[in-house]
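Here's a quick tour of a two-chain structure, with the cut-offs spelled out along the way. Have the viewer open as you read.

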Amino acid sequence: MSEPLLAVEDLHVKVAKEPILKGVTFSMNRGEVHVLLGQNGSGKSTLAYAIVGHPNYTVTQGKVTFGGEDLLAMAPDERARKGIFLAFQAPIGVPGVSVANFLRTAYQARFHGGAAPATDKTGGQSSGFSVIAFQKKLMAAMKSLKIDPALATRYLNDGFSGGEKKQMEVLQMALLQPSLAIMDETDSGLDLDKLQTIGEGAARLAQEHNMGMLVITHYKRLLNYIKPSHVHLLMDGRIVVSMGPELVDELEAKGFDYIRNTYAKKSA
Amino acid sequence: MNENAVSVAAEIGSEYKFGFHEDEKHTFRTKVGLSRETVEEISEQKNEPAWMRDYRLRALDVYLKKPMPNWGGDISHINFDTITYYLRPTDAKYSNWDMVPEEIKHTYDKLGIPEDERKFLGGVGAQYDSEVVYHNLKSKWESLGVLFLAPEDAVLHHPDLVKQYFGTIIPAGDNKFAALNSAVWSGGSFIYVPKGVKVDIPLQAYFRINAKNMGQFERTLIIVEEDAFVHYVEGCTAPIYSSDSLHSAVVEIIVKRGARCRYTTIQNWSNNVYNLVTKRAVAYADATMEWVDGNIGSKLTMKYPAVYMMEPGARGEILSVAFAGAGQHQDAGAKVVHCAPHTSSTITSKSISRNGGRTSYRGLCKVLPGADDCRSRVVCDALLLDEQSRSDTYPYIELEAEKVSVEHEASVSKISEEQLFYLMSRGLTEDEAAKMIVTGFIEPLVKELPMEYAVELNRLIELEMEGAVG
């Protein structure tokens, strides 16, 4: 029996001395789509940031493994190279760094043992990397996600609209092919046609690469395109209910308190 | 960034790559220190006519009378009496690379000049210890009447042009170091572009300080006639010595009606060099002057490329990047002087300090009476990579006309944690992420450089950045 893709055990996380997660436990495998629901402030994003290792989020207790390896012992860049990806809710801009340059560097880091150093006279080719092949991949990915190719020469997220930033996140996902993709409110701020393209694009990627997906969202709409296999409700810093996809409709119809009172396991 | 840069090779060691020097072999060398006798000897070595010798001697008088500047960086440790002011490694000049003496060739081989020559440059003048040794002007430019020579040759063969323009933009009395240069200048470039001629390949020269206690006093004069265009690129390196070297250049540029001139410098002197430079251009009606100024090396640099917009429609643009590491002070900036109405200027300054380095932006935006309806925009951004480093801004704005629009934006920041994390979350190590952010910070200048310079500059920054974070 192989290890789960991601296993979170009794995770406690605080942010600026404030405890947010108070014992989260769940696990997931490749090919599954887990949805995390919860009210604002429930800790959904906190869980995402703790998994990717953001320095502002301190794990005070608990364990997280990724393919059986101790994830919390790894630096954030190591986790990324192992195949964890977070599509940020509000991606930050990096002026002066073109999208193409950034993507190529990240791609080399993920698949060719690191960004090619300046001393590498082959421009990375000694590790099997070809700039031309990458360029083709990039253009193909942009095309299939219906992203304007002109974005490739612009500076990463600098002056991008909210929708364009979300497109960049999914484009990165397409190129970096993570085994675990976490999507943090990717649907917020997206107009409907972009939502469809991005939703369908993400779902297609997940299927092609047998990814495990953890989707954090408020709205049902994204889930029309990315079909969940498991749905969790996060409340008071813990996962209080875990069910199948039917939980989404029930929650919408009946509200948080009803769901919690009806389904939550009684803890001591 | 230029995608091709990835495939251009250059070897980087972890130490200062250009810290080597040839055993000194010089056929003539003045005594140390500066005296009337020294200046006369220099003039005689160059076979100069009396008018240039006299110019030097008058400048010497000015130099001796002027006090040291009491602003800017700390120059109190320069001992002017122990500097050698002139040195000539060979008695002949060569127009064919194969004829250049071996050791000089060796030095320039290391600096990559023959490769450049094979590429697409219009002409290369290479300076080695005060004298332009190798000079090759492509026949195409010659046939168009473009002159690209050592200034000494211009004095001898084009005296009328020299007399007309030399010292008109930066007279000896301008400042103490301009006076010094005017007395002991040697080497540099003289460029003349006739009316309507557009030199579409950059003209390029290298400078090098080799002998201990050498002073570099190159003098460059560029004249761009109406509707002409030229791009001149200057890059310098120097070996490391224990006592201090002085580099005090003067660059004068005249850009006539409708013409355009771009002057690009990547300065990478080793960290014992005092680099005190006066660079100034005048732009006439509808003319454009662009300074692209990169300061990576030297112990102290004081340099404020200037554009004087003399007639309506003139435009000045200055793009400046300064990097200061341990023991370095880059006191750099720009000056734009609007002397006529309907002129515009932009100054973009990016500076980076780390390991206790200090960068200062010192800039002047001046609008004279009658220079109505002018626009000027100044953006200066400073990046401090750690707690020990320092950055200052000294902007001077003097407006004496009507309907003037002047914007000044300044920012100081450190590398954003959020940006670092974002890049690390895509698999870049912390060092790689910091380098990427810093490279992005200077991108507005890098993208204006010829490709080899862009590559060299990014690599220099990467070298400087080794272990930058934490």
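## Ground rules

Two residues are in contact when their C-beta atoms, placed from the backbone, lie within 7 Å. Helices (H or I, at least four residues) and strands (E, at least two) are DSSP runs, numbered from the N terminus.

This is a predicted model, so local features need pLDDT of at least 70 and side-chain atom pairs count only at pLDDT 80 or more, while totals for chains, interfaces and linings use all residues. Residues are numbered from 1 along each chain as its sequence is written, with chains lettered from A and ligands numbered from 1 in the order in which they are written.

## A helix pair in chain B

Let's start with helix 2 (residues 50–65) and helix 8 (residues 176–184) of chain B, whose axes come within 7 Å and cross at roughly 150 degrees. That makes helix 2 of chain B roughly antiparallel to helix 8 of chain B. For reference, angles under 35 degrees count as roughly parallel, over 145 as roughly antiparallel, 65 to 115 as roughly perpendicular and the rest as oblique. The axes are lines fitted to C-alpha atoms, for helices over the stretch in contact, and the angles run from 0 to 180 degrees between N-to-C directions.

The crossing of helix 2 and helix 8 of chain B is left-handed, meaning that the near helix is turned anticlockwise from the far one by less than a right angle (clockwise would be right-handed). Which residues do the meeting? From helix 2 of chain B come B:Y55, B:R56, B:A59, B:L60, B:V62 and B:Y63, and from helix 8 of chain B come B:K176, B:A179, B:L180, B:S182 and B:A183.

Now for strand 18 (residues 315–324) of chain B, where ten of ten residues are buried. Buried here takes 20 or more other C-beta atoms within 10 Å of a residue's own, exposed takes 12 or fewer, and partly exposed is in between, with C-beta atoms placed from the backbone. In a regular strand the side chains alternate between the two faces of the sheet. Both faces of strand 18 of chain B are covered, with B:R315, B:E317, B:L319, B:V321 and B:F323 buried on one side and B:G316, B:I318, B:S320, B:A322 and B:A324 buried on the other.

Strand 18 of chain B pairs in the parallel sense with strand 15 (residues 288–295) of chain B over eight bridges; a pair needs at least two bridges found by DSSP. B:M289 has B:G316 in strand 18 of chain B as its bridge partner. There's also a parallel pairing between strand 18 and strand 20 (residues 344–353) of chain B, over ten bridges, and B:A322 stands opposite B:S351 in strand 20 of chain B.

How many residues of strand 21 (residues 358–367) of chain B are buried? Eight of the ten are, so strand 21 of chain B is largely enclosed by the rest of the structure.

Strand 21 of chain B pairs in the parallel sense with strand 19 (residues 329–338) of chain B over ten bridges, and B:V336 has B:C365 as its bridge partner. Strand 23 (residues 390–399) of chain B also pairs with strand 21 of chain B in the parallel sense, over ten bridges. There, B:V367 has B:L399 as its bridge partner.

B:T264 is in strand 13 (residues 260–268) of chain B, and B:T264 counts as buried with 22 C-beta neighbours inside 10 Å. Leaving aside neighbours within four places in sequence, B:T264 is in contact with B:H231, B:V233, B:E234, B:V292, B:L449 and B:Y453.

Most residues other than glycine have a negative phi. A:D236, however, has a positive phi near 50 degrees; A:D236 lies in the loop between strand 9 (230–235) and strand 10 (238–243) of chain A and is partly exposed, with 13 other C-beta atoms within 10 Å. B:N47 has a positive phi near 55 degrees. B:N47 is in the loop between helix 1 (36–45) and helix 2 of chain B and is exposed, with 9 other C-beta atoms within 10 Å.

## Chain totals

Chain A has eight helices and ten strands. The radius of gyration of chain A is 19 Å, close to the 18 Å that the globule rule gives for 268 residues, so chain A is as compact as a globular protein of that length. The radius is taken over C-alpha atoms, and the rule is 2.2 Å times the number of residues to the power 0.38. Of the 268 residues of chain A, 46% count as buried.

Chain B comes to eleven helices and 24 strands, and 54% of its 470 residues count as buried.
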